[in-house]
Amino acid sequence: MSNLTVSNSTLALGFVLVLVALIIGYVEKLRIDKDIIIGVVRAIIQLSLVGYVLKFVIKANDNWLTLACFVIIVLNASWNAGKRGNGIPKAFQSSLLAIFVGTTITLATLVLTGSIKFVPEQIVPVTGMIASNVMVAIGLCYRNMMQTYTDRHQQVLEKLALGADIKLASLDILRDSIKSGMQPTIDSIKTLGLVSLPGMMSGLIFAGVDPVKAIKYQIMVTFMLLASTSIGSIISCYLGYKQFFNDRKQLKDD
Amino acid sequence: MEKIFEVKNLFYQVGETKILKDITLDIEQGKYLTVIGPSGSGKSTLMRILASMISATSGEVLFHGKDISTYEPTEYRQKVSYAFQQPTLFGKTVRENLAFPFEVRKQAFDEDKVIKYLEMVNLNQDYIDKSVNDVSGGEKQRIALLRNLLFQPEVLITDEVTAGLDTENKAIVHKMLNEFNQRGLTILRVTHDESEIESSTDTITIKNGEVQDV
């Protein structure tokens with residue numbers, strides 16, 4: 001643990017890296033200086049607050065408090081995923097169900113198989129990891145779905161005109177959208193260890209854990225993200241596609 | 001002859017724009033009715049309402065005396081089929097397109113039946129496994145029409161399906177539609193084609209969203 005030498009003063013010195021981004025933005029006239037500053041300030045405040053909250057939750061070691069953290073993370077992720085589905089009715093509700101089910105099943109499997117313990121220092125960060133990945137997956141699903149319903153509008157109409165049910169008329173779109181949600185996770189799995197040494201593993205190695213043991217945790221994270229993004233993508237797509245049709249099984253924007 | 005459609009005081013409006021205004025007409029079973037009128041007059045909108053692809057703002061459409069909104073939409077569209085002016089072929093091969101009507105009805109693909117239908121539109125059995133990118137515009141339209149007709153509906157609505165086709169392709173489509181009409185299929189044909197209008201025995205004209213004559 002003695003190797004962890006980040007302090008307030010080293011962080012302040014590290015701020016020079018933000019200046020690099022600001023200088024690039026200024027030289028290239030990107031007009032992103034305001035966004036960078038707001039982003040950095042928000043990150044510092046949010047992470048500091050979360051740091052203190054986590055310290056409190058871990059110290060309290062209370063099951064209800066741990067569950068409350070789970071609920072807050074899931075709600076927040078759903079709200080953000082819902083925003084990415086702007087244009088799809090009930091996107092928040094669909095995201096909430098998808099993230100809740102995806103996160104719960106994955107967490108329950110990890111706890112029941114003994115991979116992690118039901119203690120706040122394990123449940124809260126793992127919930128955050130799962131929910132954020134499902135949130136990104138759902139966002140990609142929604143974006144793909146909105147795009148493909150526009151691109152394949154005529155094809156969906158023709159399938160409906162041939163007497164197809166809305167599911168059959170949307171099957172290609174559904175498959176493509178589910179795939180688009182899962183693809184980044186699958187792609188990142190392929191390059192694990194070769195290109196990236198992901199967060200979980202890097203964190204443990206930083207903390208002085210034997211890399212071979214750290215790898216086992218990373219493999220567990222890989223399994224859980226694969227499962228949770230699959231569940232989240234399937235649920236959000238199957239709930240989402242129905243919103244493109246009315247009760248007469250007609251395309252809504254037609 | 002029995003009335004297959006009874007349209008009563010039908011209005012269709014998008015925002016403030018009235019596209020169909022108080023349409024009232026009856027269509028008899030077995031007819032080959034040609035629907036004519038200037039572009040933007042509301043012909044296609046009326047046909048799409050009859051096919052239940054969109055719903056009217058107000059008014060009634062009865063199919064066999066029953067309001068079309070009381071039918072289950074997918075079952076209704078298997079009875080009243082709509083063919084588009086510029087159809088798209090699904091998937092990679094012609095097979096996927098001709099298998100689709102079987103898939104809709106949860107039936108196994110009947111290759112013999114498909115070959116028989118392909119021959120009806122002057123296409124041989126090799127077409128089944130042809131890539132959709134390798135068929136011409138005329139062949140594409142013929143294949144698309146077969147998707148509508150493999151399981152004979154009661155009504156076929158064709159929305160300018162021969163527009164852009166050459167004389168040979170038009171003749172093949174006309175022959176096929178005539179044969180189906182003689183077998184009892186009611187056909188509602190939207191067209192701007194002079195020769196099709198001239199050869200029609202039953203026509204209705206729609207102008208500014210209103211029926212001019214029946």
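How many helices and strands are there in chain B? Chain B has seven helices and 10 strands. Helices (H or I, at least four residues) and strands (E, at least two) are DSSP runs, numbered from the N terminus. This is a predicted model: local features need pLDDT of at least 70, side-chain atom pairs count only at pLDDT 80 or more, and totals for chains, interfaces and linings use all residues. Residues are numbered from 1 along each chain as its sequence is written, while chains are lettered from A and ligands numbered from 1 in the order in which they are written.

**Chain B overall**
- The C-alpha atoms of chain B fill a box of roughly 50 × 35 × 35 Å along the principal axes.
- Chain B has a radius of gyration of 17 Å, which agrees with the value near 17 Å for a compact globule of 214 residues.
- That radius is taken over C-alpha atoms, and the globule rule is 2.2 Å times the number of residues to the power 0.38.

**Where the chains meet**
- The contact takes 21 residues from chain B and 15 residues from chain A.
- Two residues are in contact if their C-beta atoms, placed from the backbone, lie within 7 Å.
- On the chain B side, α2 (73-79), β6 (80-83), α3 (94-104) and α5 (137-149) each give two or more residues.
- This side of chain B has 11 nonpolar, seven polar and three charged residues.
- Ala, Val, Leu, Ile, Met, Phe, Trp, Tyr, Cys and Pro count as nonpolar, Asp, Glu, Lys and Arg as charged, and the others, Gly among them, as polar.

**Helix pairs**
- Two packed helices are described by the angle between their axes and the distance between the axes.
- Axes are lines fitted to C-alpha atoms, for helices over the stretch in contact, and angles run from 0 to 180 degrees between N-to-C directions.
- In chain A, α6 (residues 120-151) and α10 (residues 211-240) pack at about 40 degrees, with axes 8 Å apart.
- So α6(A) is oblique to α10(A).
- Their contact has 12 nonpolar, seven polar and no charged residues.
- In chain B, α5(B) and α6 (residues 167-182) pack at about 15 degrees, with axes 10 Å apart.
- So α5(B) is roughly parallel to α6(B).
- Angles under 35 degrees count as roughly parallel, over 145 as roughly antiparallel, 65 to 115 as roughly perpendicular and the rest as oblique.
- Residues of α5(B) in this contact include Leu145(B) and Leu149(B), and those of α6(B) include Ile172(B) and Phe180(B).
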